[in-house]
Amino acid sequence: MASDVVIGSTTDANDGNTISGNGSDGISISENFDSVEIYANKIGVNTSGSAAIPNTGAGLRILSSANQVGVSGNAPAGNVISGNSGIGVMLIGVAAGGNSLFGNMIGTNTAGASLGNGSTGIYVNQGAFATTIGNITGGGNTIAFNAANGINVADGQTVNIRGNSIYSN
């Protein structure tokens, strides 16, 4: 199993990637990778984060464990995951355990205005477990303006959802 993959930067928002306009998911992390770190990227939007350039699938699909999307208390490391045709973030399958999402904007532009995904903001299903979505010490996500639920936990165990701003979904 491969690990230690970093997509973006924890220290400079300008070092992140623009991952938009793809014919499927923006980023898909298979079961063969774990401990992937995803920071300061614009997924499904333009480089400034102000307009949608949708990926036709999910913005981010995670099928593996111990991945970190954004960093608690570090605003430059948060991702903008918005404007995608499908779900913003999918955590799917029994291999998807121990994942964390902190400080991301899911369904908004960089200014917090409406730029929703075409479905649910964050979707947890098929046995994904030990997932942490936000925290109360500065790591909350903004999850807003998505076409369906803000967060949908359809099937998962030990899913902690704390300190997020979830509205207008």
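# An all-strand chain and its contacts

Phe145 is partly exposed, at a relative accessible area of 26%; here buried means under 20%, exposed over 50% and partly exposed in between, with a 1.4 Å probe and protein chains only. The model is predicted, so local features need pLDDT of at least 70 and side-chain atom pairs pLDDT 80 or more, whereas totals for chains, interfaces and linings use all residues. Residues are numbered from 1 along each chain as its sequence is written, and side-chain values use heavy atoms, without hydrogens or water.

Because Phe145 sits in the loop between strand S16 (142-144) and strand S17 (151-153) while Tyr167 belongs to strand S19 (residues 165-167), the pair ties together parts that are 22 residues apart in sequence.

The protein chain has 0 helices and 19 strands, taken as DSSP runs numbered from the N terminus (helices H or I of at least four residues, strands E of at least two). Its C-alpha atoms fill a box of roughly 35 × 35 × 30 Å along the principal axes. Of the 169 residues, 49% are buried.

Six strands form an open sheet with parallel pairing, in the order S2-S6-S9-S12-S15-S18. Strand S2 (6-8) and S18 stand at the edges with a single partner strand each, so one side of each has no neighbour in the sheet. S2 runs parallel to strand S6 (residues 37-39), joined by 3 bridges (pairing requires at least two DSSP bridges). Gly8 has Tyr39 in S6 as its bridge partner.

Strand S14 (residues 122-125) is covered on both faces: Ile122 and Val124 are buried on one side, and Tyr123 and Asn125 are buried on the other. Strand S11 (residues 89-92) is joined to S14 by 4 bridges and runs parallel to S14, with Ile92 facing Asn125 as bridge partner. S14 also runs parallel to S17, through 3 bridges, and there Ile122 stands opposite Ile151.

The chain has 1 salt bridge, counted when a side-chain nitrogen of Lys or Arg lies within 4 Å of a carboxyl oxygen of Asp or Glu. Arg61 and Asp25 form the salt bridge, with the closest N and O atoms 2.6 Å apart. Arg61 lies in strand S8 (residues 60-62) and Asp25 in the loop between strand S3 (18-19) and strand S4 (27-29), so that parts 36 residues apart are linked.

A nonpolar surface patch is made of Val153, Ile161 and Ile166, with about 220 Å² of accessible area together. Ile161 is part of strand S18 (residues 156-161).

The table gives relative accessibilities of residues named above.

| Residue | Relative accessible area | Class |
|---|---|---|
| Tyr167 | 33% | partly exposed |
| Ile161 | 38% | partly exposed |
| Arg61 | 25% | partly exposed |
| Asp25 | 12% | buried |

Methods: Patch = residues over 30% accessible without salt bridge, like charges linked within 9 Å, V, L, I, M, F, W, Y side chains within 5 Å. Areas by Shrake-Rupley, 256 points an atom, 1.4 Å probe, with all protein chains shown as cover.
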